[in-house]
Amino acid sequence: MANTIVFAILATVIVIAALCSVFTTRIMRAVTALLFVLFSIAGMYFLLDYTYLGAAQLSIYAGGMTMIYIFAIQLVSRRKLQNFKEKVNVKRFVAGALVAFFGAATVIGVQLKSYFFEKFTTVADQEVAMDKIGDALVGSEKYQYVLPFEFISLFLLACIIGGLVVSRNHKEEK
């Protein structure tokens, strides 16, 4: 019963903080709300007794949020940062919503047709062992997902380098 209550609290915090992060117009509030989401997800891992994943969530993603704070403070002056508001462009919002909808539909469609989803839903009475999930996530054979993880790491590296370049160009303009 206590696990259900804690799960409900964490799920509520995740949903509310995610919505606040998306719909706020101030950059520091968005990052702070995202930090609450990541802490709550770590709480979910701890609730499931996945202490390693919870600790990794806290150290890696909380550290990542700290880096976003640093980049935000470096890229925008303190005076602008306190009253920074982004103007909402309706055309861009609609275009973004359409792209998000079609992207979500594509991901859901691929997941419903993939062997990975079928493999773990066919057995209803048994619990899936963590080693099977781990092998599927980091294996390099067919229907295994090490390549997408590598692409994500390269994408994150490109984002960091892009942030440094933008920060450097901003300093040179002054």
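Mentor: A pocket, on a 1 Å grid over the protein atoms alone, is an open set of points where a 1.4 Å probe fits, with protein on both sides within 12 Å along at least five of seven lines; lining residues have an atom within 4 Å of a point. The model is predicted: local features need pLDDT of at least 70, side-chain atom pairs count only at pLDDT 80 or more, and totals for chains, interfaces and linings use all residues. Residues are numbered from 1 along each chain as its sequence is written, and side-chain values use heavy atoms, with hydrogens and water left out.

Trainee: Which residues lie nearest the centre of the largest pocket?

Mentor: The lining of the largest pocket is made up of 29 residues. Nearest the centre are Q57, I60, Y61, I152 and L156.

Trainee: Which helix gives the largest share of the lining of the largest pocket?

Mentor: Helices here are DSSP runs (H or I, at least four residues), numbered from the N terminus. At least two lining residues each come from α2, α3 (51-75), α7 (130-138) and α8 (146-173). The largest share, eleven residues, is supplied by α3.

Trainee: How many helices does the protein chain have?

Mentor: From the N terminus on, the elements run α-α-α-α-α-α-α-α. There are zero strands (DSSP runs of E, at least two residues). The number of helices is eight.

Trainee: Does S40 count as buried or exposed?

Mentor: S40 is found in helix α2 (residues 27-47). Buried means under 20% relative accessible area and exposed over 50%, with partly exposed in between (1.4 Å probe, protein chains only). Because its relative accessibility is 6%, S40 counts as buried.

Trainee: Which residues does S40 touch, not counting those up to four places away in sequence?

Mentor: A contact requires heavy atoms within 4.5 Å. By that criterion, S40 touches L10, V13 and I14.

Trainee: Why is F23 classed as it is in terms of accessible area?

Mentor: F23 has its place in helix α1. The class is exposed, because the relative accessible area of F23 is 57%.
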